[in-house]
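This report describes a protein model for a reader who is new to structural analysis. Please keep the sequence and the structure in view while reading.

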Amino acid sequence: MVRHRLILTRHAKSSWATPGLRDHDRPLNKRGTRSCHLIGTMLRDSGFLPEVALVSTARRCVETFEGLVQATGTRVPCRLEPGLYHGSGPGMLDILRRAPEPVVLMIGHNPGIAHFASWLLSNPADADRHEQFRRYPTAATSVIDFDVESWNAVREATGRLIDFRIPRELES
């Protein structure tokens, strides 16, 4: 039985339209908002619903979370995590290990999130099944399962890739 599930999402496409706006404060653009709806609907329809969200403090990540949750039609507690703003794989793992719930949505940034996703997989060939996995484009989402008693037991190469999606694949 799978005991823990990580839904790992890179923030959706953000806007560069406002000159002088700090990187941390950039909002989603229209494409990003649409991507949140597509990914959130996929999560809902697939039954991949988180119990808690760990989200970077960057505006584009918070807006990604809000868009995903709106599309799923669920209420999910959110914990803003400053360490996810351009966080590294080891830092992301430290944050994940503090999650009390077994189904976690984590929203962060590249390049850390792409490295973290690859690092977690027990079968690296799973990542190669999708040409975009290693690039981890905006709003890309992995669902990774772990047969562990707690998040503290997660180590390198202990996760099994259940699903990986990018918004463009979900457009009709």
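The buried residues of helix H3 are covered by, among others, strand S1, strand S2 (52-56), strand S3 (78-81), strand S4 and helix H4 (112-120); contact here means heavy atoms within 4.5 Å. Helices (H or I, at least four residues) and strands (E, at least two) are DSSP runs, numbered from the N terminus. H3 comprises residues 89-97, and its buried residues are Gly89, Met92, Leu93, Ile95 and Leu96. They lie on the same side of H3, because they cover an arc of only 160 degrees around the axis. That arc is taken from the directions from the helix axis to the C-beta atoms. A residue is called buried under 20% relative accessible area, exposed over 50%, and partly exposed in between (1.4 Å probe, protein chains only).

The model is predicted: local features need pLDDT of at least 70, side-chain atom pairs count only at pLDDT 80 or more, and totals for chains, interfaces and linings use all residues. Residues are numbered from 1 along each chain as its sequence is written, and side-chain values use heavy atoms, with hydrogens and water left out.

**Helix H4 and strand S1**

The buried residues of H4 are Gly112, Ile113, Ala114, Phe116, Ala117 and Leu120. Their cover includes S1, H3, S4, S5 and S6.

S1 spans residues 4-10, and six of its seven residues are buried, so this strand is largely enclosed by the rest of the structure. Which strands pair with S1? Strands count as paired if DSSP finds at least two bridges between them. S1 runs antiparallel to strand S5 (residues 141-146), to which six bridges join it; leucine 6 stands opposite isoleucine 144 of S5. With strand S4 (residues 103-108), S1 pairs in the parallel sense, again over six bridges, and there isoleucine 7 has leucine 105 as its bridge partner.

**Two individual residues**

Phenylalanine 146 is placed in strand S5 and is buried, with a relative accessible area of 0%. Glutamate 156 is placed in the loop between S5 and strand S6 (159-165). Is glutamate 156 buried or partly exposed? At 49% relative accessibility, glutamate 156 is partly exposed. The C-alpha atoms of glutamate 156 and arginine 10 are separated by 20 Å, and these residues are 146 residues apart along the chain.

**Pocket and cavity**

On a 1 Å grid over the protein atoms alone, a cavity is a set of points where a 1.4 Å probe fits but cannot get out, whereas a pocket is an open set with protein on both sides within 12 Å along at least five of seven lines; lining residues have an atom within 4 Å of a point. The structure holds one cavity of 30 Å³ or more.

| Space | Volume | Lining residues |
|---|---|---|
| Largest pocket | About 200 Å³ | three nonpolar, three polar, six charged |
| Largest cavity | About 40 Å³ | six nonpolar, two polar, no charged |

Volume is the space filled by probe spheres set on the grid points, which are joined across faces, edges and corners. Ala, Val, Leu, Ile, Met, Phe, Trp, Tyr, Cys and Pro count as nonpolar, Asp, Glu, Lys and Arg as charged, and the others, Gly among them, as polar.

The lining of the largest pocket includes Arg10, Arg31, Arg135 and Glu171. Helix H1 (30-46) and helix H6 (167-170) each supply at least two residues of that lining. In the largest cavity, helix H2 (residues 59-72) gives the most to the lining, with three residues. Leu105 is one of the residues lining this cavity.
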